Amino acid sequence: MDEKGIIVCAEEIDEGLELQLWTRGKTPRLVIVNRAKNTRKMSPLSWLEGEERKLSLKGAGGKPVHYPMEVLEEPVRRMLYRFAQNPVFKGLLWHSVLFLSDLFHAPRSVFDKSEMALLPEGKRRCLWLADFTDGGGKGFFRPFFPLSEAEIAVFGGEPSIPIPGGKSVADLKKTGITRKLASVCPERWYETPQTAAAAVLLGFSMFFEESGDFSSFLWKAAEGGMVSRKALSESPADPSISRFAVKMAGYVRHWAALDSISMETVLDSYDAMKERGFARKRRMQFPVGALGNVEYTVTLYSDGEGTLAVGCVPAQATDRHRGERVFTLPEEVYDQALRDDAFGGAEDDFFTLSTLLQAKLYEGWHRRIRRFTDVFLSPGG
């Protein structure tokens, strides 16, 4: 199984199971060793994202042995800690964080006030607008996301920054605002690209999409043992990376609202909401990609006392979850999200609802990845 690769580290679970971390100098793989049968199976680390999964092996005499995820997590964390001490990985992780940060900070330009009043979806998805609607060649970088008091303070008053010359993400970063935001709220502005970069480099998913091609692109920048910034200067032509950047941006935009949203899985969302005293308000159809890898029928419910519930019924079976999903949140949180996503223009129910729910799902993915990576990403790790 070496395939010119090496086993970086290993953990013995018991007399029947050993876990190993294998690499060819790039994306590592988890090797599952059945010690009783002397067999090996290789798997991407994304397999570990399923919290309810169990590893089943045939032990001595053919008797099956089951290992729940909680038995596997800590040994994997120890192996990842050792893997992450590699200087090449450390350097590549740092540059990958900057690369992903540039992706979701990239501004979009607006030149016409009529467009500002009815922003197309492509520009609603960004976090910064380069606003040139006042004419005269002068413009401002404007944050297209809600700000906390601490974040407002870093702007020094009006939440906008005169565009010094160019309108690219490099020009935005030169103003120092992205660094200041990360200093007052690192959980929002730094941990997001940091966790995503670690996930891609280690072979976890990109929010449940395959990360193999992107991971190979990043690792290629470290060929020869030195990280090439030039190799990371341009994003590869891969639409999955753009989709991932959009989902990161949605998570960052609605970051402060996510603690107010709860999510659960039920057998029948309509019956569950009816039993809880919720009345149906309206229904929408969400296409593939809006909430997952299948279409959803999305129904909004209200209890008449300020709480909104959203029932999400998949059109067909999905490997993301069983049953139907229900999100619950205060109506005032949803109304504020509508305003935040409108930027003073027309509100868009479909865009806000899909972005908000997607952000809640991203939060769950982010926390799951962090469960494995915080062993070396957290201060002192």
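Q: How much space lies in the second largest pocket?
A: In this predicted model, the second largest pocket holds about 520 Å³ of space. It is lined by 26 residues, and the closest to its centre are Lys247, Gly289, Ala290, Leu291 and Gln358.

Q: Which elements give two or more residues to the lining of the second largest pocket?
A: Those are α11 (239-253) and α14. The largest share comes from α14, with seven residues.

Q: What makes up the lining of the second largest pocket, by class?
A: Sorted by class, you get 11 nonpolar, seven polar and eight charged residues. Gly289, listed by the centre, goes with the polar ones because Gly is counted there.

Q: What about the largest pocket: how much space lies in it, and which residues are the closest to its centre?
A: About 1500 Å³. Its lining has 42 residues, and Glu49, Gly50, Glu51, Phe208 and Asp319 are the closest to the centre.

Q: Which element gives the most to the lining of the largest pocket?
A: That's α14, with eight residues. Each of α10 (212-220), β11 (262-266) and α14 (349-377) supplies at least two. By class, this lining has 19 charged, 14 polar and nine nonpolar residues.

Q: Why are α9 and α14 called roughly perpendicular?
A: Helix α9 (residues 191-202) packs against α14 at an angle of about 75 degrees. Angles of 65 to 115 degrees count as roughly perpendicular, so α9 and α14 get that label. Their axes are 9 Å apart.

Q: Which residues make the contact of α9 and α14?
A: On the α9 side they include Glu191, Thr195, Ala199 and Leu202. From α14 come, among them, Tyr362, Trp365, Ile369, Arg370 and Phe376. The contact residues divide into nine nonpolar, five polar and two charged.

Q: How do you know that phenylalanine 286 and phenylalanine 350 form an aromatic pair?
A: Their rings are 4.9 Å apart, centre to centre.

Q: What does the pair of phenylalanine 286 and phenylalanine 350 tie together?
A: Phenylalanine 286 lies in strand β12 (residues 279-286) and phenylalanine 350 in helix α14, so the pair joins parts that are 64 residues apart in sequence.

Key. Residues numbered from 1 in each chain as written. Predicted model: local features only at pLDDT ≥ 70, side-chain atom pairs only at ≥ 80, totals over all residues. Heavy atoms only, no water. 1 Å grid on protein atoms, 1.4 Å probe; cavity = no way out; pocket = protein on both sides within 12 Å on 5 of 7 lines; lining within 4 Å. Points joined across faces, edges and corners; volume = space filled by probe spheres on them. Helix = DSSP H or I, 4+ residues; strand = E, 2+ residues; numbered from the N terminus. Axes fitted to C-alpha atoms, helices over the stretch in contact; angles between N-to-C directions. Parallel < 35°, antiparallel > 145°, perpendicular 65-115°, else oblique. Contact = heavy atoms within 4.5 Å. Phe/Tyr/Trp six-rings, centres within 6.5 Å; stacked < 30°, edge-to-face > 60°.
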